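Welcome, and please open the model in your viewer. We will go from one selection to the next and look at what is there.

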Amino acid sequence: MSVEKKNIFLHDTNTSIPYVSRSTPVEKNYPQRENSKAHATFIERKLNECYERSATQKQVAAIRYKEGVYLEFSSAAKHDLAIKSLENRTQGIRLLNVKSDEETGTIRATVYIPAGKESYFIKKIEAYSSEVTEKGIPKHNDLVRSIDDIRVAMLDSYLRPALELGLIEMTVSDKPNSSRQKYWIKQMT
């Protein structure tokens, strides 16, 4: 059974309205660093400590990783983090996760750095402390200036908080750094 329907045609509806798009630059809120060399030294030291801790962490926690390091970069409170500068796909460096902590006002980004590419960020930090652009700004200024802290992502970001909250427990609790250490998920009642 066919139903007859009529089409609706609109006439004289084409009125042009002048429009001009206005591009307004988005101002990034990176912290001012009074001493760029001191900040670069601090960030480079944190990065090297993380690389060392990551190697130890893999052995201690008996965790299988892809060959590489998982790091968490944090911004200063109520400041932005240069998120786009944390990833370089051609180098295999991947931005995995970005989250905002409303309590502290910080932004944290988890980044995977493949084995053999650990020097990528070190070189950027060294350039920040020693090289200047044509405009007189340190190279990689936004990236390095935006970083307030770096830590190993797995242990510091997931395991320690889960242990503190009582969500998981160590199998060898009296020896937290044991090479036989494993973690069990606690049963919630």
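Which residues of the largest nonpolar core touch the most other members? Select Leu47, Leu71, Phe73, Leu86, Phe121 and Ile150: of the 25 residues in that core, these touch the most other members. A nonpolar core here is a set of buried Ala, Val, Leu, Ile, Met, Phe, Trp, Tyr and Cys residues joined through side-chain atoms within 4.5 Å. Buried means under 20% relative accessible area, exposed means over 50%, and partly exposed is in between (1.4 Å probe, protein chains only). At least two residues of this core come from each of H1, E1, strand E3 (106-114), H2, H3 and strand E4 (149-152). These labels are DSSP runs numbered from the N terminus: helices (H or I) have at least four residues and strands (E) at least two.

Before going on, a word about what is on your screen. This is a predicted model, in which local features need pLDDT of at least 70 and side-chain atom pairs count only at pLDDT 80 or more, while totals for chains, interfaces and linings use all residues. Residues are numbered from 1 along each chain as its sequence is written, and side-chain values use heavy atoms, with hydrogens and water left out.

Leaving aside residues up to four places away in sequence, Leu86 touches Phe73, Leu81, Ile93, Leu95, Ala109, Val111, Phe121 and Leu143. A contact of this kind means heavy atoms within 4.5 Å.

Leu95 has Val111 in E3 as its bridge partner. Show E2 and E3 together: they pair in the antiparallel sense over seven bridges. Two strands count as paired if DSSP finds at least two bridges between them.

Next, look for charged pairs. How many salt bridges are there? The count comes to eight, where a salt bridge is a side-chain nitrogen of Lys or Arg within 4 Å of a carboxyl oxygen of Asp or Glu. Select Arg45 and Glu49, whose closest N and O atoms are 3.0 Å apart. Both sit in helix H1 (residues 36-60), four residues apart, about one turn of the helix. Arg45 is partly exposed at 43% relative accessible area, and Glu49 is partly exposed at 33%.

Move on to Glu87 and Arg89, which form a salt bridge at 3.6 Å, N to O. Arg89 is exposed at 57% relative accessibility, whereas Glu87 is partly exposed at 25%. Salt bridges with shared partners join Glu87, Arg89 and Arg94 into one network.

The last stops are about backbone angles. Most residues other than glycine have a negative phi. Lys78, not a glycine, has a positive phi of about 60°. Find Lys78 in the loop between strand E1 (68-74) and strand E2 (94-101), where it is exposed at 68% relative accessible area. Finish at His140, also not a glycine, with a positive phi of about 55°. His140 lies in the loop between helix H2 (119-130) and helix H3 (141-146), and is partly exposed at 30% relative accessibility.
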